[in-house]
Amino acid sequence: MINMLTISQLAKKYNLSRSSILYYEKVGLLKPKFVADNGYRWYGVDEEERLKLIVSYRSYQLPISDICTILDSSGKSQSKILERHFEILEMEINNLRRQQLAIIELFKESIISKEKNVDKSKWVEIMMAAGLTKEDMIRWHQKFEEMEPEEHQKFLESLKISQEEIVRIRSL
């Protein structure tokens with residue numbers, strides 16, 4: 001069969017397990033072009049293109065049910081589904097940010113106040129490990145300065161940085 005792939009060949013080509021492709025078949029996402037008398041499933045160009053879309057949507061963590069809807073509606077509901085998925089991701093990101101802020105607050109209260117051996121490089125490492133970018137750290141310092149300027153000064157001094165750098169950070 002020219003330009004046709006077996007389930008194993010297709011799975012290997014797209015770095016999937018055979019069971020994933022069988023599952024996609026079971027839920028109606030992907031059907032073989034042809035099933036031989038010996039039970040071998042053969043997939044053509046159209047099926048391969050559909051699998052590429054499935055793999056792409058799965059990489060965005062879209063649920064199978066949403067992928068079915070998108071692929072079976074010729075894109076009519078794609079924008080609504082993607083918009084809803086975007087909103088879910090946005091809520092997850094906001095939740096993670098709140099967790100990060102809570103962790104920072106714990107670090108501020110426990111590590112910094114109890115252990116005076118955390119210096120600037122260690123603090124930056126902790127904040128980066130919590131997922132904060134340079135811009136996030138600047139905003140963090142801005143909020144700290146705005147809400148608790150005296151505590152911010154004490155905190156910066158505890159990091160053993162120069163007075164010149166403290167002035168620069170506080171002026172952000």
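Start by selecting Leu 51: leaving aside residues up to four places away in sequence, Leu 51 touches Leu 10, Tyr 14, Leu 16, Ile 21, Tyr 24 and Leu 30. Touching, or contact, means heavy atoms within 4.5 Å. Before you go on, know that this is a predicted model, where local features need pLDDT of at least 70 and side-chain atom pairs count only at pLDDT 80 or more, while totals for chains, interfaces and linings use all residues. Residues are numbered from 1 along each chain as its sequence is written, and side-chain values use heavy atoms, with hydrogens and water left out.

Now widen the selection. Leu 51 is one of the residues that touch the most other members of the largest nonpolar core, which has 20 residues; Leu 10, Ile 21, Leu 29, Leu 30 and Ile 54 are the others. (A nonpolar core is a set of buried Ala, Val, Leu, Ile, Met, Phe, Trp, Tyr and Cys residues joined through side-chain atoms within 4.5 Å; buried means under 20% relative accessible area, exposed over 50%, and partly exposed in between, with a 1.4 Å probe and protein chains only.) Colour helices H1 (7-13), H2 (18-26), H3 (45-59) and H4 (64-72), the elements that give two or more residues to this core. Helices here are DSSP runs of H or I, at least four residues long, numbered from the N terminus. H4 gives the most, with five residues. A second, separate core of 16 residues includes Val 118, Phe 155, Ile 161 and Ile 169.

Next, pick the loop between H1 and H2, where you'll find Asn 15. Its phi is near 55°, a positive value in a residue other than glycine. Asn 15 counts as exposed, at 72% relative accessibility. Then hop to Gln 61, in the loop between H3 and H4. Gln 61 has a phi near 65°, again positive, and is exposed, with a relative accessible area of 58%. What makes these worth a click? Most residues other than glycine have a negative phi.

Last stop: show H7 (residues 134-147) and H8, which pack at an angle of about 130° with their axes 5 Å apart. Axes are lines fitted to C-alpha atoms, for helices over the stretch in contact, and angles run from 0 to 180 degrees between N-to-C directions. H7 and H8 are therefore oblique to each other (under 35 degrees is roughly parallel, over 145 roughly antiparallel, 65 to 115 roughly perpendicular, and the rest oblique). Among the residues making the contact are Trp 140 and Phe 144 of H7 and Phe 155 of H8.
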